[in-house]
Amino acid sequence: MAENVDLSFSFKWSQQHTAQFIKLRGENDELFTGVKHSASVAWGTILEKIGLQGKVTPLQAKKKWDNLKNIYKDCKYPGSGEGVGGKPTAATWPWFVLMDEVLGQRHSTNPPVLIASIPENTPGPSTAGVDQEVEDQDEEERPRPRSRKRDREDEMFQLIKEDMRLNREAEERRAQESRERMDRFFSILERLADK
């Protein structure tokens, strides 16, 4: 995607452009699929909606977004002792609320709460003298959750088995057809030899 952008000057983002940029990036999240070159097209679409196409390249838009995300994360999760010395905070940075609306509910920014999956009455690793029969009964009573990886592996295994079965059937058909051709060939040769 060739851009006719004058790179001899740096575009100065107005507050209005930045606010529109953040809102449109959040509204058009589905355009950023991770497919090769899709982000460049998506940034171009956003720049066109703002009216900045030709003034800002998709690469510059990506850099702007990365900078906004970094500042947002620094404001949302400041290190100990930060927030002084001129660094923006959630209270002082003008784009925090907009960025929080866009990024605040993403798992990469706000991970889901983790809950312990081991019951509280389960003995820890320090209890070496646990009766093996009790452990076996517990394992039999509790169904093991299937992992997505195992599901994918099972699915892949089934696909491979199906592919092997189809290949074997095709090979058997070809072998049968070959035997039939050879039988016809030999019968023709026998008839010719009889004459």
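This is a predicted model: local features need pLDDT of at least 70, side-chain atom pairs count only at pLDDT 80 or more; totals for chains, interfaces and linings use all residues.

K23 is partly exposed, because its relative accessible area of 45% falls between the 20% limit for buried residues and the 50% limit for exposed ones. Although K23 and M99 are 76 residues apart along the chain, their C-alpha atoms are separated by 8.3 Å.

## How α3 and α4 pack

Helix α3, formed by residues 58–76, packs against helix α4, formed by residues 96–103, at an angle of about 95°, and their axes lie 10 Å apart. The two helices α3 and α4 are therefore roughly perpendicular to each other, since angles from 65 to 115 degrees are counted in that way.

On the α3 side the contact is made by W65, L68, K69, Y72, C75 and K76, which meet F96, M99, D100, V102 and L103 of α4. Sorted by kind, the residues of this contact between α3 and α4 comprise 8 nonpolar and 3 charged ones, with no polar residue.

## The nonpolar core

The largest nonpolar core holds 26 residues, and those that touch the most other members are F21, I22, W65, L68, W93, W95 and M99. Two or more residues of this core come from each of the elements α1, α2 (38–50), α3 and α4.

I22 shows some of these links in detail: when its neighbours within four places in sequence are left aside, I22 is in contact with W65, L68, W95, L98, M99 and V102.

Conventions: Residues are numbered from 1 along each chain as its sequence is written. Side-chain values use heavy atoms; hydrogens and water are left out. Buried means under 20% relative accessible area, exposed over 50%, partly exposed in between (1.4 Å probe, protein chains only). Axes are lines fitted to C-alpha atoms, for helices over the stretch in contact, and angles run from 0 to 180 degrees between N-to-C directions. Helices (H or I, at least four residues) and strands (E, at least two) are DSSP runs, numbered from the N terminus. Angles under 35 degrees count as roughly parallel, over 145 as roughly antiparallel, 65 to 115 as roughly perpendicular and the rest as oblique. Contact means heavy atoms within 4.5 Å. Ala, Val, Leu, Ile, Met, Phe, Trp, Tyr, Cys and Pro count as nonpolar, Asp, Glu, Lys and Arg as charged, and the others, Gly among them, as polar. A nonpolar core is a set of buried Ala, Val, Leu, Ile, Met, Phe, Trp, Tyr and Cys residues joined through side-chain atoms within 4.5 Å.
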